[in-house]
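Subject: Structure handover

Hello,

Here is the structure I promised to pass on. My notes follow below it.

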Amino acid sequence: MNLQHHYVDFDDVRLHYVDAGDGPLMLFVHGFPEFWHAWQAQLAEFSRDHHAVAPDLRGHNLSGKPTDVKAYRPKHLVADLRRLIDHLGGRPAIVVAHDWGGAAAWNLAAAHPEYIEKLVIINSPHPVAFARALRDSPAQQQASAYMNWLRRPGAAEKLLEDDCARLAAMLSQSTADPRWLTPELLARYREAWTQPGAMDASLNFYRASPLHPATPEEPGAAALDLRPEDFAVRVPTLAIWGERDTALLPGLLDGLEALVPQLTLKRIPDASHWVIHERPAQVNRII
């Protein structure tokens, strides 16, 4: 696999991405606290017959890092994906997305289905299902309590302390199989986390979103009234879910077929939120 690094300048942000291969566009969109490198196994597999592309989301690693929290609202994340697909000349693309990348991809698919040929979502809740669970499910509220900590002032400084010890521990404690967390890989992650401004910018994804548990100061998801028809996803969609995800509970899948009529659901019972690392070959086969 011959990975190439590129930058593209849009009017409000510069995005970094890597690509390999030729053919139909296949876009891989990471979440927090990751960067393009999360998709190494998928880039190797799918670049054999696709143009496989993995960007750094805004605020992460080598992409631009706007300082205004409002620059991380969902509409801007969707616009980044649209503009990148247009820049690459790959509309409609196959979009594969995890965690926060999935949040952007769900919104892209709902608002602009013409950009997506097929959607693959990995451990990332549909916004309507997530809002409902954050409002009504005490178990999901407890599982998502960390989001409110990440939204606080000073969280970035805490995460950067002791060579990013808290983030490294978060990964090791929440995975079902820590063998993928090699010293070499953690060194790559620390390099991305310590890019100037990256830690604070990446936390703006949490600060800009109303999808978080209620606090005494903010109602969070409890104040939202998301109309399911506004977020219906009508493109063929594959959802892959590691069921040992401690942050995003399997109950988030309940009723998903009502929001996503062309849904295929693959559960992996003994994998966690980090299923793409724990079970790369299995994930590739399912895709």
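In which sense do β5 and strand β6 pair, and over how many bridges? β5 and β6 (residues 116-122) pair in the parallel sense, over 6 bridges. Two strands count as paired if DSSP finds at least two bridges between them. Helices (H or I, at least four residues) and strands (E, at least two) are DSSP runs, numbered from the N terminus.

Some ground rules. This is a predicted model, in which local features need pLDDT of at least 70, side-chain atom pairs count only at pLDDT 80 or more, and totals for chains, interfaces and linings use all residues. Residues are numbered from 1 along each chain as its sequence is written, and side-chain values use heavy atoms, with hydrogens and water left out.

The sheet

The sheet is open and has 8 strands, in the order β1-β2-β4-β3-β5-β6-β7-β8, with mixed pairing. Its edge strands are β1 (4-9) and β8 (263-268), each pairing on one side only. From one strand to the next, the twist averages 20 degrees.

α2 lies across β1, β2 (14-20), β3, β4 and β5. It runs at about 150 degrees to β3. Helix α3 (residues 100-111) lies across β3, β5, β6 and β7 (237-242), and runs at about 150 degrees to β6. Contact here means heavy atoms within 4.5 Å. Axes are lines fitted to C-alpha atoms, for helices over the stretch in contact, and angles run from 0 to 180 degrees between N-to-C directions.

Backbone points to check

- A cis peptide bond joins Phe32 and Pro33, with omega about 0 degrees. Pro33 is in the loop between β3 (25-29) and α1 (40-46).
- Arg91 and Pro92 are also joined by a cis peptide bond, with omega about -10 degrees. Pro92 lies in the loop between α2 (74-88) and β5 (93-98).
- Asn61 is not a glycine, yet its phi is positive, near 50 degrees. Asn61 sits in the loop between β4 (51-55) and α2. It counts as buried because its relative accessibility is 7%.
- Asp163 has a positive phi too, near 60 degrees. This residue lies in helix α7 (residues 155-174). At 48% relative accessible area, Asp163 is partly exposed.

Buried means under 20% relative accessible area, exposed over 50%, and partly exposed in between (1.4 Å probe, protein chains only).

Cavities

A cavity is a set of points, on a 1 Å grid over the protein atoms alone, where a 1.4 Å probe fits but cannot get out; lining residues have an atom within 4 Å of a point. Grid points are joined across faces, edges and corners, and a volume is the space filled by probe spheres set on the points. The count comes to 2 cavities of 30 Å³ or more.

The largest cavity has a volume of about 70 Å³. Its lining includes Phe32, Pro33 and Asn61, residues already named for their cis bond and positive phi. α8 (183-193) and α9 (198-208) are the elements that give two or more residues to this lining. The largest share, 3 residues, comes from α9.

The second largest cavity has a volume of about 30 Å³. It is lined by Leu15, Pro55, Asp56, Leu57, Arg58, Asp80 and Leu81.

Best wishes

Conventions:
On a 1 Å grid over the protein atoms alone, a cavity is a set of points where a 1.4 Å probe fits but cannot get out, and a pocket is an open set with protein on both sides within 12 Å along at least five of seven lines; lining residues have an atom within 4 Å of a point.
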